[in-house]
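Let us look at how oppositely charged side chains pair up in a protein chain, taking the reasoning one step at a time.

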Amino acid sequence: MATTQQNFILTSDPLSLDRIRSILTRLEDTIIFSLIERAQFAHNPKIYRRGEFEELRDKTGFTGSWLEWFLKETETFHAKARRYTSPDEYPFTNPAELPAPILGPLKLPQILYPNKINVNPSILSFYTRSIVPRITQQATLALATAKRANGILGDEEYEDDGNYGSAATLDLEVLQAISKRVHYGKFVSESKFRDDPAAFIPHILDPNRHALDALITKPEVERKLLQRLRKKAELYALNFAPDGALIDDASKRKIDVDGVVELYEHFIIPLTKEIEVDYLLVRLEGLSKEQIDEMAAKKP
């Protein structure tokens, strides 16, 4: 488990936008480095298809994919260690299939409004269908070259290097980091809502996703994020010669930099904003008119 953490016991203000931005910035590093690690192995599409491993079905009765089994086994342990009692942690496995924590709950402050928003199924699907094939292309082509040299031709050249455990371990790290980054949108929404509830309440009571999206969207912040991300990815993707000199050759980078930027621009950022709006739309559920009116009267 190599994702960025926040100590909610010692943190004085977990909804500070500066603190939230710090967490999100650190998660950029985690995501990039995890993607670089995964990129060293071939695509291995077999581990993402359900029912491909007879051993799983025969020995464990599990009928899902190798990665889904890997997630469930890992998250079973993490659930026992009460990982998913933290407001910034969400399992990919159905929570109903996970055990209760061994330890009693921590006395965490009430940070987020109660909700059941979890988009991990969407993250898992997009990751396995779109991200993995792109970031592993270089390793997959290298595998094909090695197989041809050994007389293996045609479809058998591509995709599978047999490193199922290693690939799934790294997949899990990437998925957990992306999940945390995306679900942190709830913290952003809660922080902005508390700062100026009157701006949001009319568009929640008369549900207007477009208006809420406009309130939370900061184009200049997104532009700077993508600029920073590209610079990081370009730097982290560089290789070094034995003497320590940089090898500034795009063909020898550890990862497709454009792919990393597009992952954020076309998936992580839009999905995060969807969560922010979804969270706002349930933010007033269960509150009385008096409570809502009192919040609406608050001055920013």
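Q: How many salt bridges does the count come to?
A: This is a predicted model, and a pair is counted when a side-chain nitrogen of Lys or Arg lies within 4 Å of a carboxyl oxygen of Asp or Glu. By this rule, the count of salt bridges comes to 21.

Q: How far apart are the closest N and O atoms of Glu 220 and Arg 223?
A: Both residues belong to helix H10, which covers residues 219-236, and because they sit three residues apart there, about one helical turn separates them. Glu 220 is partly exposed, at 39% relative accessible area, and Arg 223 is likewise partly exposed, at 40%. The two form a salt bridge whose closest N and O atoms are apart by 2.3 Å.

Q: Which residue forms a salt bridge with Arg 230?
A: In this salt bridge the closest N and O atoms are 2.9 Å apart. Arg 230 lies in helix H10 and its partner in helix H11 (residues 257-281), so the pair ties together parts that are 28 residues apart in sequence. The partner, partly exposed at 36% relative accessibility, is Asp 258.

Q: Is Arg 49, which meets Glu 52 in a salt bridge, buried, partly exposed or exposed?
A: The side chains of Arg 49 and Glu 52 meet with an N to O distance of 2.8 Å. Buried would require under 20% relative accessible area and exposed over 50%. Because the relative accessible area of Arg 49 is 40%, this residue is partly exposed.

How values were computed:
Residues are numbered from 1 along each chain as its sequence is written. This is a predicted model: local features need pLDDT of at least 70, side-chain atom pairs count only at pLDDT 80 or more; totals for chains, interfaces and linings use all residues. Side-chain values use heavy atoms; hydrogens and water are left out. Buried means under 20% relative accessible area, exposed over 50%, partly exposed in between (1.4 Å probe, protein chains only). Helices (H or I, at least four residues) and strands (E, at least two) are DSSP runs, numbered from the N terminus.
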